[in-house]
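The sequence and the structure are shown first, and the description comes after them.

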Amino acid sequence: MNDRAGRRRVRRLAIGTAVVLALAGMNGPWLYRFGTGKYHQYQINKPEYKADNGKWEIVDFPEKYRQNTIHAALLRTGKVLLVAGSGNNQDNFDAKRFDTRIWDPVKGTIKKVPTPKDLFCTGHTQLANGNLLIAGGTKRYEKLKGDVTKAGGLMIVHNENPDRPITLPAGTKFTGKEGGKTFVSKDPVVVERATKVFDKQTGRFLRNDPGLGRIYVEAQRSGAKYETGTQDNYRIQGLTGTEARNTYGIAQKLALDKKDFQGIRDAFEFDPVAEKYIKVDPMKEARWYPTLTTLSDGKILSVSGLDDIGQLVPGKNEVFDPKTRRWTYLPTTRQFPTYPALFLMQNGKVFYSGSNAGYGPDNVGRVPGIWDVESNKFTKIPGLSDANRMETSATVLLPPAQDEKFMVIGGGGVGESALSSNRTRIVDMKAAGPRFVDGPTLEKGTRYAQASILPDDSVLVSGGAEDYRGRGDSNILQARLYHPDTNSFESVADPLVGRNYHSGSLLLPDGRVMFFGSDSLYGDKANTKPGVFEQRIEIYTPPYLYRDSRPSLSGGPQTIARGGSGTFTSPQASVIKKVRLIRPSASTHVTDVDQRSVELKFTVSGDKVKVTVPENKNLVQSGWYMLFVDDDQGTPSKAQWVRVP
């Protein structure tokens, strides 16, 4: 632990001891009148306490502007985009009430923004032009077993005609050849033509491999008697002649079991200046719970998610070209669980930490490693502790980004498991043969921990829950600062609001951290009352903002090319010790792959600070950044917005 952290701990212990001694000497009636709650407020608002521990405050939004915020992104205007979509509320979904808000943390204003689709559980990332790319969302809410009235499931449609594809409209009827039961498609489907297969040696024709289409089908009537018990082949009503012979369906058991969420293909850019959604080319695959990650060429990779029939997308990944605003498939496949944590590395490859948000087989795509997207080669990284507890873990690229060290924080067992991990794991991607090693432990097993990089190179780790979605009233009201230089945690002030599933955090341009959301499954320790979505926004002001002064930064260019320099003015230039370029966050479901803090080299002359941006395009991706300078006490300036073209 560094000296500054040590002094803070001594002071906290001294304050705590004084409180105990003071209370011990007080008579009962005085303590009753004053109240321990009020005394606690008195203590945490003392200047010396805030200077050591920081302070948490709840933002009071007018009721008409409150929503179930699921996603948040910092825009280059300094405002925050808060996206709910239907907000995990079936009634909102049925009524097509989809919400977005824009909050200005400086002016305190908030306004509603028209939301074109249900962007609940979408994916998002910052684009080079300053827009936010948003892709995927919700087509249908899940139905739990017992709520499903019509048997249904996945139908694979086969087309053995090598000459042309076939399109089947929504409402197409499929009748089983063995069971004789009829099911109806919910959406249209295009089934590509069959592929002719020839012997490579002789060129002799061997067979036609049928084209395949996947669709969700449902029984015509309600009731268990319309379930099927086994696989069956299905003829398609309305087809005749060769079409009837070449086209058929195959389905496994079609039952009244749980039906998962279904995704959408829709994609949008959000323009932070016009403050509106702009529709772009839809994805090739429908996706619910996808991850979007910027690649070395500036294109955006879209990975995983549940598709339009509620199945995990079978490894069919795609990229968005910001120039054409269109999507194309990758030529090869690779499957991950939903919301996989994927980060662009300095060599252009993609690091997968193993963190994810849940859906997917427990034995497919869960091992961390390095993915060469171009060749599709995947190199596993060993040493991960609690490897079976990686769902709902957080992953952060530790500052500065040049060191290329990642930390994985906490996590839980697959699905609704009660297992959770109190471990942190660190991997140095620059090491020869990188492997995970354990970092400092958390006090409790923690799912859903939020991690935000601060401009002084510490990482704020806060919140989470010990159990799945906070079951058993298990929210963790604790916050820690992780110091990469000493590989240690430091306790700071406790948050006021519990945060678990559907929560997130992001760094603001003034150096504070915003927290949003939380979606507890239950509202009591006995797990008998339904939970209520946490709509309150909370702000953490770190200790560095309670010092006597902070450096200022002004002037300078708004655009600095990679390898280029820019000169800014600061009256405190002589005591500047660090310059950091921090990419704005886009956070949801314990996933924020945009977040990174890049060290900038700098020189000082009088009141001028000249900064230089690194040349590596994978380290400094094109886009807008917050430029902070830190003084010799570790106190950051307010950010200047800088664009790297």
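The following paragraphs describe a predicted model, taking in turn a sheet, a hairpin, aromatic pairs, backbone features and cavities.

**An open sheet**

Four strands make up an open sheet with antiparallel pairing, and their order is β1-β40-β39-β38. The edges of this sheet are taken by β1 (55-59) and β38 (503-507). Each of these two has a single partner strand, so one side of each is left without a neighbour in the sheet. From one strand to the next the twist averages 20°.

The pairing of β38 with β39 can be followed in more detail. Strand β39 covers residues 513-517, and five bridges join β38 to β39, the two running antiparallel. Within this pairing, Ser 505 stands opposite Phe 515 in β39. As a general point, side chains in a regular strand alternate between the two faces of the sheet.

**A hairpin and a buried strand residue**

Another antiparallel pairing involves strand β14 (residues 195-198) and strand β15 (residues 205-209), which are joined by four bridges. Here Thr 195 stands opposite Asp 209 in β15. Together β14 and β15 form a hairpin, with six residues between them. The turn contains Gly 203, whose phi is positive, at about 80°.

Ile 300 belongs to strand β23 (residues 300-303). Its relative accessibility is 1%, and Ile 300 therefore counts as buried, since the cut-off is under 20%. Ile 300 and Pro 322 are 22 residues apart along the chain, and their C-alpha atoms are separated by 7.8 Å.

**Aromatic pairs**

How many aromatic pairs does the model contain? The count comes to 24 aromatic pairs. Two of them share Tyr 289 and are set out below.

| Pair | Arrangement | Centre to centre | Angle between planes |
|---|---|---|---|
| Trp 288 and Tyr 289 | stacked | 4.1 Å | 15° |
| Tyr 289 and Tyr 339 | tilted | 4.7 Å | 35° |

The pair of Tyr 289 and Tyr 339 links distant parts of the chain, the two residues being 50 residues apart. Tyr 289 is in the loop between β21 (276-280) and β22 (291-294). Tyr 339 is in the loop between β25 (326-329) and β26 (342-344).

Are the residues of these pairs buried or exposed? Trp 288 is buried, with a relative accessible area of 0%. Tyr 289 is buried at 1%, and Tyr 339 is buried at 2%.

Trp 288, Tyr 289 and Tyr 339 also belong to a cluster linked by ring pairs.

Most residues other than glycine have a negative phi, and most peptide bonds are trans. Several places in this model can be read against that background.

The loop between β30 (394-397) and β31 (405-409) holds Pro 400. A cis peptide bond joins Pro 399 and Pro 400, with omega of about -10°. Glu 404 is placed in the loop between β30 and β31 as well. The phi of Glu 404 is near 50°, a positive value in a residue other than glycine. Glu 404 counts as buried, at 7% relative accessibility.

The loop between β33 (436-438) and β34 (450-453) contains Tyr 448. Although Tyr 448 is not a glycine, its phi is positive, at about 65°. Tyr 448 is buried, with a relative accessible area of 2%.

**Cavities**

The count comes to eight cavities of 30 Å³ or more. The largest cavity holds about 110 Å³ of space. Which residues lie nearest the centre of this largest cavity? They are Leu 442, Thr 446, Gly 463, Ile 476 and Gln 478, and they are among the 13 residues that line the cavity.

The elements that give two or more residues to this lining are β35 (459-462) and β36 (479-483).

Conventions: Residues are numbered from 1 along each chain as its sequence is written. This is a predicted model: local features need pLDDT of at least 70, side-chain atom pairs count only at pLDDT 80 or more; totals for chains, interfaces and linings use all residues. Side-chain values use heavy atoms; hydrogens and water are left out. On a 1 Å grid over the protein atoms alone, a cavity is a set of points where a 1.4 Å probe fits but cannot get out, and a pocket is an open set with protein on both sides within 12 Å along at least five of seven lines; lining residues have an atom within 4 Å of a point. Grid points are joined across faces, edges and corners, and a volume is the space filled by probe spheres set on the points. Two strands pair if DSSP finds at least two bridges between them. Axes are lines fitted to C-alpha atoms, for helices over the stretch in contact, and angles run from 0 to 180 degrees between N-to-C directions. Rings of Phe, Tyr and Trp (its six-membered ring) pair if their centres lie within 6.5 Å; planes under 30 degrees apart count as stacked, over 60 as edge-to-face and the rest as tilted. Buried means under 20% relative accessible area, exposed over 50%, partly exposed in between (1.4 Å probe, protein chains only).
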